[in-house]
Amino acid sequence: MARLGTSFRLVSAVSAGLWHLQGRPLYHSDTKSCISTSRTRSASACQTVRRPCVAVCGDIFMDIMAPIKKLPVWDSDVEAESVKMVPGGSALNQGRQLHSLGVPVRFVGAVGKDAIGHALLEQVSGQGFPTDSIKTFSNLPSSGQRLHDVGAPQQLERVQGVCIVLSGPADRAFVSCYSTTDAFTERDLQEQAHKLEDCTHFHLGGYFNMKGLQSHDFTQFVADAKRSKQWTISLNSQACSNGHWCGEDNHLASFLDHVDLLFVNASEGEHICAALCPDSDRSISALCKRYPELMVVITQGSHGCTAYRHQMPAVYVPAKQTRVVDTTGAGDAFIAGFLSSWLPHAAPKRSEAEQKAIVDACKKGHAVASVVLGREGACVEPVRPRDLKDLE
């Protein structure tokens, strides 16, 4: 795969104090001022506050957590300290974190009609999370493998989405079954559309896990809602298991025209740029130029995050050092923290007010992520506002 330009070598650039990536000034949050474009307006003229309500749609998994010190290899065994079954999935984690932070959430997704799906709904609803918009697929039991006839080859029934999480000291790996996430389509979303009437923002979590939403019908649903309901739209990509990085039938290429915020980590961003940008320039700058109304927020682990928009200085916000117990779910927590700060404050694009709002949102995201990093599991218990005391 071709390497990207300087924009994706952020870790080395930041550590060396080089704040000009691809000739563009980078606004560092430690500074007291930033370089503005000709389209900048004053903060006092544009700051407004509104009460957000977020429609979160996307993947739901039951995570089987196994903390280990090293990954197993074929024909071997690795001891796990424990094995736990907890609700997961990027979208569900993000929605639960948002809800716990005090943002009203309408969550739309799907589970199977079986013991695993029932246990998942029971656990998250027991924490006060709204589950009335989650669809139950009655024909997708969580029965795993079933031998139909003696001597016949094993055939797989479609199952409730399950993710085996192998969590180590510094990183993690996953083994996933996408049954209910693959089955969820725009028609299932339309069934719940009447419950989203009071929403102001639509967030799609785990995009590459939601193959049934990578369609023209879903794009039209979002475009119509954005126009008629004045929704803003955000998306987090998640890893792409098939390696294509552009969605079914190149869906992502057209869908990003309607997206306001794209959340990716550095690896995901590199792959998406390679898939969507011309061969001559696969940088983050090229992606932003192709989608000039899009803001891309790239998380960089312990090095912090950087936000990009076309014709705006990149905004870098470092992360504070924190004790790491488990990295699983930290990215989802960051997204929830970012949105909880970003959504209530409207500011014109490419303005000083927007740059300040970006810094504040990144700091909130880092704070929420730091709490999750200090706990075991992606979202066993969502972060509450009191958990953030002295962290922002």
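Colleague: What percentage of the 392 residues in the protein is buried?
Modeller: This is a predicted model, in which local features need pLDDT of at least 70 and side-chain atom pairs count only at pLDDT 80 or more, while totals for chains, interfaces and linings use all residues. Residues are numbered from 1 along each chain as its sequence is written, and side-chain values use heavy atoms, with hydrogens and water left out. Taking buried as under 20% relative accessible area, exposed as over 50% and partly exposed as in between, with a 1.4 Å probe and protein chains only, the buried share of the 392 residues is 53%.

Colleague: Which residues have the most contacts inside the largest nonpolar core?
Modeller: A nonpolar core is a set of buried Ala, Val, Leu, Ile, Met, Phe, Trp, Tyr and Cys residues joined through side-chain atoms within 4.5 Å. The largest such core has 49 residues, and those with the most contacts inside it are Leu189, Phe202, Leu204, Leu276, Leu287 and Val296.

Colleague: Which residues does Leu287 touch, not counting residues up to four places away in sequence?
Modeller: A contact here means heavy atoms within 4.5 Å. With residues up to four places away in sequence not counted, the residues that Leu287 touches are Leu262, Cys273, Leu276, Cys277 and Val296.

Colleague: How many aromatic pairs does the count come to?
Modeller: Rings of Phe, Tyr and Trp (its six-membered ring) pair if their centres lie within 6.5 Å, and planes under 30 degrees apart count as stacked, over 60 as edge-to-face and the rest as tilted. By this rule the count of aromatic pairs comes to 12.

Colleague: How many residues apart in sequence are the parts that the pair of Phe208 and Trp245 ties together?
Modeller: Phe208 and Trp245 form an edge-to-face pair, 5.4 Å centre to centre and with 75 degrees between the planes. Phe208 counts as buried at 4% relative accessibility, and Trp245 is buried with a relative accessible area of 9%. Because Phe208 lies in the loop between β13 (201-205) and α6 (216-229) and Trp245 in the loop between β14 (232-236) and α7 (251-255), the pair ties together parts whose separation in sequence is 37 residues.

Colleague: Over the ring of which residue does the charged end of Lys229 sit?
Modeller: A charge sits over a ring if NZ of Lys or CZ of Arg is within 6 Å of the ring centre and within 35 degrees of the ring normal. The charged end of Lys229 is 5.8 Å from the centre of the ring it sits over, which belongs to Trp231.

Terms used
Helices (H or I, at least four residues) and strands (E, at least two) are DSSP runs, numbered from the N terminus.
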